Structure formats: C-alpha cells, structure tokens
Amino acid sequence: MPRDTVLSELKKIPEDKVRIYNCKRSRLCMRDLETGEEYKGIQLSLVFPLTDRRSFLRVCDSEENEIGIIRSIDSLDEESRRTVEKELERIYFIPKIVRVNRIEERYGSRTWSVETERGPRVFDVCGRQSIRFIAPFHLLVKDIDGNRYEIPCLASLDPDSKRVLQTAI
C-alpha cells in the first residue's frame, strides 16, 4: 500500500501540536497542546520499520487503541524528537553486521559468526527463507530465536565477508 494512501486513511497528529515525553515509571506520555488532553502510557510503532524509520509513527494509547499517525519524527520539537528516537531505538534494535567471519552448516541450519557494530555475535539461521533483501543491496537476516540483523549495504563489506556471504544467499 502506498505511503500516502496509508496516511490518508489514518488520523493525522500535527507534529507542532503535541509533546511526547517520559512520565512516571519510564512510561511515555503525549500532550495535545490544543486541547490539553494527556495520554499516559502511549505506545509507539513505525508503519514502515524496515524502510523508513523517520516517518509514519503510529501512536496508540495504553490499551493499544490507535490515537493517530505522526507524519515525520523530524518535525517534532527537539525534546519530543529525542524521546521518540530513544524509544524507537529500544523497540527496533537491529544490530548491523559489519563483517561476516564464517557461515557453517550444522544440523540443518547455518551458524553465522559475525562482527556487528556492537561486537561479535554467533547465531543460527534456518534456511534461506530467513534471509531477505529489503532493497537491492540491503539484507535482513532473522535467526532461529527471532532476532534480526541487517547488512545495510552489501557493497560496503570487505572482500572476505562478501565471499563467505555468497554461500548463504
């Protein structure tokens, strides 16, 4: 579904009319600056989490009822933007693979030994269906525990990593 179609079907939340902030017990709150209404314990999610992490932010109340969509995180005031970015980083943590050391076939799955931006990782992948291209050179890998890893640009990998990766994709 095209992005503009998604937005037209949902309630828009004007970025300049709300503030998003941390309230008690690490919960997020949102205040409507026009009405003064406060939503406590809001939940955030991205409509397009793999391809657009700056736009189409879905906001739900504490009971998961949709309040609306914020078109662009970048249009929020600075404090709200920082609060949202921190929450999205927590929700959508996907380590970026910067080097592929080896991929070994064992017991019907493949064990990947990689370096990520946050250090070394070893994980198992079950078949090629767990490896997806989400753009021409952007790869998403899902391990058997449901954790996701990404390679944002295959071309940026070193030659040895590319050679090892060819056996898996």
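Colleague: Which residues of helix 2 are buried?

Modeller: Ser 80, Thr 83, Val 84, Glu 87 and Leu 88 are the buried residues of helix 2. Buried means under 20% relative accessible area, exposed means over 50%, and partly exposed lies in between, with a 1.4 Å probe and protein chains only. The model is predicted: local features need pLDDT of at least 70, side-chain atom pairs count only at pLDDT 80 or more, and totals for chains, interfaces and linings use all residues. Residues are numbered from 1 along each chain as its sequence is written, and side-chain values use heavy atoms, leaving out hydrogens and water.

Colleague: How do you know that the buried residues line one face of helix 2?

Modeller: Viewed down the helix axis, they fall within an arc of 130 degrees, so they line one face of helix 2. The arc is taken from the directions that lead from the helix axis to the C-beta atoms. An α-helix has 3.6 residues a turn, so residues three or four places apart point the same way. On the other side of helix 2, Lys 86 and Arg 90 are exposed.

Colleague: Against which strands do the buried residues of helix 2 pack?

Modeller: They pack against strand 1, strand 2, strand 4 and strand 5.

Colleague: Why are strand 5 and strand 6 called a pair?

Modeller: Two strands pair if DSSP finds at least two bridges between them. Strand 5 and strand 6 have five bridges in the antiparallel sense, so they qualify. Ser 55 stands opposite Ser 72 in strand 6.

Colleague: Why is Ser 72 called buried?

Modeller: The relative accessible area of Ser 72 is 15%, which is under the cut-off of 20%, so Ser 72 counts as buried. Leaving aside neighbours within four places in sequence, Ser 72 is in contact (heavy atoms within 4.5 Å) with Glu 15, Arg 54 and Ser 55.

Colleague: What makes a set of residues a nonpolar core?

Modeller: The set consists of buried Ala, Val, Leu, Ile, Met, Phe, Trp, Tyr and Cys residues joined through side-chain atoms within 4.5 Å. The largest such core has 18 residues, and Met 30, Ile 42, Leu 44, Leu 57, Val 59, Val 84 and Leu 88 have the most contacts inside it. Strand 1 (18-23), strand 2 (27-32), strand 4, strand 5, strand 6 and helix 2 each supply at least two residues of this core. Apart from it lies another core of 17 residues, including Ile 97, Ile 103, Val 125 and Val 164.

Colleague: Is Phe 56 buried or exposed?

Modeller: Phe 56 has 2% relative accessibility and therefore counts as buried. This residue lies in strand 5 (residues 55-60), and its phi is near 60 degrees, a positive value in a residue other than glycine. Most residues other than glycine have a negative phi.

Colleague: Why is Tyr 107 called exposed?

Modeller: Tyr 107 has a relative accessible area of 84%, which is over 50%, so the residue is exposed. Tyr 107 is found in the loop between strand 7 (97-106) and strand 8 (109-116). In the hairpin of these strands, which has two residues between them, Tyr 107 takes a positive phi near 50 degrees.

Colleague: How many bridges join strand 7 and strand 8?

Modeller: Strand 7 and strand 8 pair in the antiparallel sense over eight bridges. Ile 97 stands opposite Thr 116 in strand 8.

Definitions and conventions
Helix = DSSP H or I, 4+ residues; strand = E, 2+ residues; numbered from the N terminus.
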